[in-house]
Amino acid sequence: MAPLPALVIVMGASGCGKSTVGLALAQALGVPFVDGDDLHPAANVAKMSAGTPLTDEDRIPWLHRIREDAILLTSPAGLEALDQPSAPSSASEAAASAISHELSVVLGRIQPPSLQARKEAKERGEKRKREAVVVACSALTVEYRNLLRGEEAHFVLPDGREIREPKHLEEHIETFFVYLQGTRPLLLNRMEHRPGHFMKPSMLDSQLATLQEPHETDEVNIVVVPLGQGEEGKEERGKEPVISEAVEKIRRFIG
């Protein structure tokens with residue numbers, strides 16, 4: 001029996017390099033890459049742009065969408081569409097090509113360098129143990145990660161309300177996490193030198209307070225990649241060593 005398709009989440013606090021490492025990882029694996037920030041509803045982007053942290057209630061639909069889009073991309077219809085010369089650019093083109101509008105939208109979110117890498121890998125005859133998609137997503141808490149796995153998740157809101165998300169494992173996909181682990185000084189320095197991004201440096205402490213660090217021995221399918229080295233991990237390792245370690249470790253699962 002063939003292994004289940006994989007959703008690979010490159011995770012961590014803002015400034016850790018999720019998008020950069022995620023794209024590089026996808027290119028190395030020859031699979032699609034989607035930046036989770038592109039999947040946020042407009043209301044979430046507006047809140048973050050104003051410096052307002054998102055609530056669990058804001059994030060739940062976003063996390064569902066990440067999982068659902070990964071399922072769609074690794075479905076037979078999604079894989080067939082990925083092998084087409086180009087994705088349809090409108091609902092009418094999608095209908096004419098027998099690709100659903102929903103799938104068309106998801107295809108439009110894939111970053112082109114990862115599609116090119118997938119095409120080149122197939123031309124070289126490279127094969128993996130399973131199909132996969134890589135998504136950059138903060139996934140800061142255990143409950144967020146449970147939801148992305150399709151497991152039951154339980155959220156308690158500041159006003160005391162509770163939200164229980166049931167298991168939704170009926171769709172066949174397995175979730176893996178690559179945690180980019182960085183210290184506060186390292187992450188803060190990165191954020192202060194990253195112009196034009198909607199996440200403000202002042203929000204870093206809020207993210208770190210929320211972060212429940214995953215450990216390879218405590219949660220399933222976790223890969224931890226440190227960003228720093230030296231005393232208290234304050235010194236940058238450099239992009240290439242981080243990417244190389246992420247690729248090496250995730251290949252043990254993906255092939």
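This is a dialogue about a predicted model and the terms used to describe it.

Student: What should I know before we start?
Tutor: This is a predicted model, where local features need pLDDT of at least 70, side-chain atom pairs count only at pLDDT 80 or more, and totals for chains, interfaces and linings use all residues. Residues are numbered from 1 along each chain as its sequence is written, and side-chain values use heavy atoms, with hydrogens and water left out.

Student: How many helices and strands does the protein chain have?
Tutor: Eleven helices and nine strands. These are DSSP runs numbered from the N terminus: helices are H or I with at least four residues, strands are E with at least two.

Student: Why is alanine 139 called buried?
Tutor: Buried means under 20% relative accessible area, exposed over 50%, and partly exposed in between, with a 1.4 Å probe and protein chains only. Alanine 139 has 1% relative accessibility, so it counts as buried. Alanine 139 lies in the loop between strand S3 (132-136) and helix H8 (142-149). Its phi is positive, about 45°, although it is not a glycine.

Student: What makes asparagine 221 buried?
Tutor: Its relative accessible area is 18%, so asparagine 221 is buried. Asparagine 221 also has a positive phi, about 55°, and is not a glycine. Look for it in the loop between helix H10 (204-210) and strand S7 (222-226).

Student: Why is glycine 255 described by another word?
Tutor: Glycine 255 has a relative accessible area of 26%, so it is partly exposed. It sits in the segment after helix H11 (239-254).

Student: What is glycine 255 in contact with?
Tutor: Contact means heavy atoms within 4.5 Å. Leaving aside neighbours within four places in sequence, glycine 255 is in contact with Leu29, Arg128, Lys129 and Ile250. Glycine 255 and lysine 129 are 126 residues apart in sequence, yet 5.1 Å apart in space, C-alpha to C-alpha.

Student: What makes a set of residues a nonpolar core?
Tutor: The set holds buried Ala, Val, Leu, Ile, Met, Phe, Trp, Tyr and Cys residues joined through side-chain atoms within 4.5 Å. The largest such core here has 38 residues. Ile9, Ile66, Leu73, Cys137 and Leu148 have the most contacts inside it. Helix H3 (residues 56-73) gives the most to this core, with eight residues. Apart from this core lies another, of 33 residues, including Val21 and Val242.

Student: How do you know that H1 and H7 are roughly parallel?
Tutor: Axes are lines fitted to C-alpha atoms, for helices over the stretch in contact, and angles run from 0 to 180 degrees between N-to-C directions. Under 35 degrees counts as roughly parallel, over 145 as roughly antiparallel, 65 to 115 as roughly perpendicular and the rest as oblique. Helix H1 (residues 18-29) and helix H7 (residues 112-123) pack at about 15°, with axes 7 Å apart. H1 and H7 are therefore roughly parallel. Leu23, Ala26 and Gln27 in H1 meet Pro113, Ser114 and Ala117 in H7.

Student: What makes H3 roughly perpendicular to H6?
Tutor: H3 and helix H6 (residues 101-109) pack at an angle of about 100°, with their axes 10 Å apart. That angle makes H3 roughly perpendicular to H6. Arg65, Asp69, Leu72 and Leu73 of H3 take part, and H6 brings residues including Glu102 and Arg109.

Student: Which classes of residue make the contact of H3 with H6?
Tutor: Six nonpolar, no polar and four charged residues. Ala, Val, Leu, Ile, Met, Phe, Trp, Tyr, Cys and Pro count as nonpolar, Asp, Glu, Lys and Arg as charged, and the others, Gly among them, as polar.
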